[in-house]
Amino acid sequence: MNELMTLSNRLTPRLFRQMVIGFDDFFESIHNVEKTYPPYNIQRTGDDIYTLEMAVAGFKKSDISVSIENNVLKVTGEQKKNEADYIHKGMATRNFLRAFTLARHMEVDQAKMEDGLLKVKIIRNLPKELRPKEIKIV
């Protein structure tokens, strides 16, 4: 029992990750859950229309990239180092990566920057054969 307790005291997340194979996606998803920057909202703006709003004040359009890979929407912000001589720096401008898994038939329609917010419009585009249909009673 003592050996097990000693191992658990030494078993850091990094050491555990080195001991297992094939769980990269799992560890990446856990790592992404811990991130809270930048803050975001997801809002239903209509039938089958959603808007992801992300607070990216201080970032330029050229600092932000939005991509989709394997039904995962990825928003990345990367700024070049600013060598300004700040007296006080209270606004966070660190690099980030936020990932959102999209359900089937969800598509990103557009992304735009507005008033320090990145707005990504996401729509559900069900194929015609999967849409509800009304059956006429004769």
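Two strands count as paired if DSSP finds at least two bridges between them. Helices (H or I, at least four residues) and strands (E, at least two) are themselves DSSP runs, numbered from the N terminus. With that in hand, take a look at one turn: β3 and β4 form a hairpin with two residues between them, and N70 in that turn has a positive phi of about 50°.

Some ground rules come next. This is a predicted model, where local features need pLDDT of at least 70, side-chain atom pairs count only at pLDDT 80 or more, and totals for chains, interfaces and linings use all residues. Residues are numbered from 1 along each chain as its sequence is written, and side-chain values use heavy atoms, with hydrogens and water left out.

**The whole chain**

The protein has three helices and seven strands, and along the sequence they follow the pattern α-α-α-β-β-β-β-β-β-β. As for confidence, pLDDT is the predictor's own score for each residue, from 0 to 100. Its mean over the protein is 81, and 74% of the residues reach 70 or more. Helix α3 (residues 24-34) has the lowest confidence, at a mean of 52, while strand β7 (residues 117-124) has the highest, at 95. Where pLDDT is low, the predicted coordinates should not be read in detail.

Of the 138 residues, 18% count as buried; buried means under 20% relative accessible area, exposed over 50%, and partly exposed in between (1.4 Å probe, protein chains only). The protein exposes about 11,400 Å², with carbon and sulfur atoms supplying 53% of it. Contact means heavy atoms within 4.5 Å. Among contacts in the protein with a separation of 6 or more, 48% come from residues 24 or more positions apart.

β3 pairs with β4 (residues 72-77) over six bridges. In β4, T76 is the bridge partner of S65, and V72 is the bridge partner of E69. Six bridges also join β4 to β5, where L97 stands opposite T76.

**Rings that meet**

Aromatic rings of Phe, Tyr and Trp (its six-membered ring) pair if their centres lie within 6.5 Å; planes under 30 degrees apart count as stacked, over 60 as edge-to-face and the rest as tilted. The count comes to three aromatic pairs, including these two:

| Pair | Centre to centre | Between the planes | Type |
|---|---|---|---|
| Y37 and F96 | 6.0 Å | 90° | edge-to-face |
| Y40 and F100 | 4.9 Å | 80° | edge-to-face |

Y37 lies in the loop between α3 and β1 (40-46) and F96 in strand β5, so their pair ties together parts 59 residues apart in sequence. Y37 is buried at 14% relative accessibility, and F96 is buried at 6%. Ring pairs also link Y37, F59 and F96 into a cluster.

Y40 lies in strand β1 and F100 in strand β5, so that pair ties together parts 60 residues apart in sequence. Y40 counts as partly exposed at 35% relative accessibility, whereas F100 counts as buried at 12%.

E53 sits in strand β2 (residues 49-55) and counts as buried, at 16% relative accessibility. Not counting residues up to four places away in sequence, E53 touches P39, Y40, N41, Q43, L117, L118 and K119.

How values were computed
Accessible areas come from the Shrake-Rupley method with a 1.4 Å probe; for residues, only the protein chains shown count as cover.
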